[in-house]
Amino acid sequence: MKKAISVLMIAACMLCMATACEKKDKKENDTSAAQATETDCTAAERVTTEPEGEITISEMIDQRIKEEGKITLYRMRIAESNSPVEITEDLKVKIISYDGDKLTGYKNPDDFLMETRLGDIIHNKVDYSTYNIGTYGGNWKRHRYVSGGDEKYVEEEGYVQREITTDDSGNNAQLETLYSYSKGTLYSRDAGSKEWNQTEKEDSLDIVSFGTFERIKLDGKTYMTFCVRNNLDLIEYDIIPDNKYTENKTVVYDTPGTEKTTVNTVDYLKEYQAVPQEELEQMIVFPGSEKEESSQAAD
């Protein structure tokens with residue numbers, strides 16, 4: 001009997017020790033998780049060091065494609081420019097890449113807006129095998145229900161064009177844009193009808209516009225950023241990771257006639273404007289800025 005009680009007591013002690021260790025491990029894990037989350041929400045800092053040189057947008061794109069096969073950017077759209085935005089790893093962004101021939105979009109199936117958390121991208125936590133990856137400017141067909149009828153579009157010609165806008169004199173480049181051009185036949189018919197109506201169609205879709213330039217730092221790495229206001233009055237903020245070729249340079253626009261670029265002739269693209277630096281500083285909040293301190297005081 002005594003032997004049985006001893007065995008039970010030993011078992012009970014071992015169970016208590018195991019439970020205590022489990023609670024301790026859980027507590028440590030919870031703390032680590034909290035710290036990891038806190039780290040992942042790190043805010044961006046503006047890089048203010050003097051650049052060592054200049055690089056044009058064309059050079060920046062071409063060099064990245066030559067070395068890495070494509071240039072990748074992360075886009076954030078801001079509906080209200082009057083609301084201060086803090087650039088942190090917690091931001092949701094859309095991912096786009098350009099390989100010199102086509103533009104590719106990466107859609108996250110686990111997000112309502114198909115966006116991706118910036119911190120997950122930076123820390124290589126994204127499983128792209130689950131993503132819906134689509135190409136802008138490639139051959140495609142679509143069928144959709146429109147105003148009580150059917151519609152489909154068959155593209156005969158599609159490509160990505162890199163172009164630049166200029167000032168009134170036509171001599172100075174203000175903004176460079178990548179957009180996809182499409183030419184094809186639009187087929188449409190009324191509901192219940194078997195007869196298709198054919199219409200020739202051309203379409204241009206702006207994808208990437210390089211506007212006001214500045215450099216930021218996140219988790220010890222630097223990134224190029226470009227900010228424009230589009231024709232829907234939305235602010236587009238594009239983030240591009242630096243590499244050794246770009247990290248110490250400021251980005252400038254190409255001049256008309258530069259190889260592989262043409263002066264932009266698409267009217268609505270000329271309406272694009274880079275966000276003025278003063279407005280950008282009001283829109284984006286960086287740690288240690290007077291604006292951040294005043295907003296904290298208000299809280």
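A salt bridge is a side-chain nitrogen of Lys or Arg within 4 Å of a carboxyl oxygen of Asp or Glu. Counted by this rule, this predicted model has 14 salt bridges. The views below start with some of these pairs and then turn to the nonpolar cores.

**View 1. Arg117 meets Asp90 in a salt bridge.** Here the N to O distance between the two side chains is 2.7 Å. Arg117 belongs to strand 7 (residues 116-117), while Asp90 sits in the loop between strand 4 (85-86) and strand 5, so this pair ties together parts that are 27 residues apart in sequence. Are the two partners buried or exposed? Arg117 has a relative accessible area of 15%, so it is buried, since buried means under 20%. Asp90, at 41%, is partly exposed.

**View 2. Lys92 pairs with Asp111.** Look for the closest N and O atoms of this salt bridge, which are 2.8 Å apart. Asp111 is found in the loop between strand 6 (103-107) and strand 7, and Lys92 in strand 5; the pair links distant parts of the chain, 19 residues apart. Asp111 counts as buried, with 15% relative accessibility, whereas Lys92 is partly exposed at 38%.

**View 3. Arg189 and Asp150 link two strands.** In this salt bridge, the closest N and O atoms are 3.3 Å apart.

**View 4. Four charged residues form one network.** Which residues take part? They are Arg75, Arg77, Glu236 and Asp238, joined by salt bridges that share partners.

**View 5. The largest nonpolar core holds 27 residues.** In soluble globular proteins, nonpolar side chains tend to be buried together. Within this core, the residues touching the most other members are Met76, Ile87, Ile216, Tyr237 and Ile284. Several elements give two or more residues to the core, among them strand 3 (71-78), strand 13 (212-218), strand 15 (235-241) and helix 4 (277-283).

**View 6. Ile284 has contacts from elsewhere in the sequence.** Which residues does Ile284 contact, once neighbours within four places in sequence are left aside? You can find Val85, Ile87 and Tyr237 in contact with Ile284.

Key. Residues numbered from 1 in each chain as written. Predicted model: local features only at pLDDT ≥ 70, side-chain atom pairs only at ≥ 80, totals over all residues. Heavy atoms only, no water. Core = buried A, V, L, I, M, F, W, Y, C linked by side-chain atoms within 4.5 Å. Buried < 20%, exposed > 50% of the residue type's maximum accessible area, 1.4 Å probe, protein only. Helix = DSSP H or I, 4+ residues; strand = E, 2+ residues; numbered from the N terminus. Contact = heavy atoms within 4.5 Å.
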